[in-house]
Amino acid sequence: MWDSLSIPWKSCLEEAWIAYCAGSLPIGAVVFSEEGEIIAQARNRRYERGNFPFGAKNQEIMHAEIQAILALDDTDLPRGTAELYTTMEPCPMCLGTWFMSNMAVLHFAARDPYAGSTNLLHTTWYMRLKEKKAFGPAEAWLENLLIGLAIETENRIRGTHTGIVYDRWKPVLPDGIEIGKNMITDDQLIFLRINSAPVAESFKYLISHYIESRTF
């Protein structure tokens, strides 16, 4: 399954894995050009410690999509020629930032019933003014794996896998919730995270351990 993923998704997952290993939310985003190249990429940094790009001070807004778009010099980018890929459905802030960019297409790998806001497209006169399109999720197995990692992260950061986020996700993504609960006590996953193992090795383990025995 890993080998079959396209370059944009592999790059998104690499950024998401770096964020996860750094103690932040496992979300990554890339901008993919019309020529088939990654021209900007970034990760979620909300819970990281250290120096941040662009002199950012407010970590609450250091979402992957925001960082990727800020890293992109789209002043000379022909309108509609590049596309944004992200592992998680964007929140209102990230959706709005993408909407105001020169990119016309958005791809996301996992739905976010808590903060995901692609449903806002075309809901107002202004949001209908631009021809913007959002596609997702990418693959059911990938969506459930990413939700699992998000649940494990919520538990590690907040000390619980319950609460409003969990309540919103559970009816829509029960398989991902179950995977996430199992990840909490997964010693091999802890080892991979602590040692910042390569993304391909890590996801191949996750796929073999959590996905290949399931049918979505």
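This is a predicted model: local features need pLDDT of at least 70, side-chain atom pairs count only at pLDDT 80 or more; totals for chains, interfaces and linings use all residues.
Local features are reported at pLDDT of at least 70 and side-chain atom pairs only at pLDDT 80 or more, whereas totals for chains, interfaces and linings use all residues. Residues are numbered from 1 along each chain as its sequence is written, and side-chain values use heavy atoms, with hydrogens and water left out.

Helices (H or I, at least four residues) and strands (E, at least two) are DSSP runs numbered from the N terminus. Strand S3 (residues 83–88) has 5 of its 6 residues buried, so S3 is largely enclosed by the rest of the structure; buried denotes under 20% relative accessible area, exposed over 50% and partly exposed in between, with a 1.4 Å probe and protein chains only. Strands count as paired if DSSP finds at least two bridges between them. S3 pairs with strand S1 (residues 28–32) in the antiparallel sense over 4 bridges, and Phe32 stands opposite Glu83 in S3. With strand S4 (residues 105–110), S3 runs parallel, joined by 5 bridges, and Thr86 stands opposite Phe108 in S4.

Helix H2 (residues 64–71) is mostly covered, with 6 of its 8 residues buried, among them Ile66 and Ile69.

A disulfide is taken as a pair of cysteine sulfur atoms within 2.5 Å, and by this rule the count is 0. Cys94 is in no disulfide, the nearest cysteine sulfur, that of Cys91, being 3.8 Å away; Cys94 counts as buried at 1% relative accessibility. The sulfur of Cys21 lies 16 Å from the closest cysteine sulfur, in Cys12, which is too far for a bond, and Cys21 is buried, with a relative accessible area of 19%.
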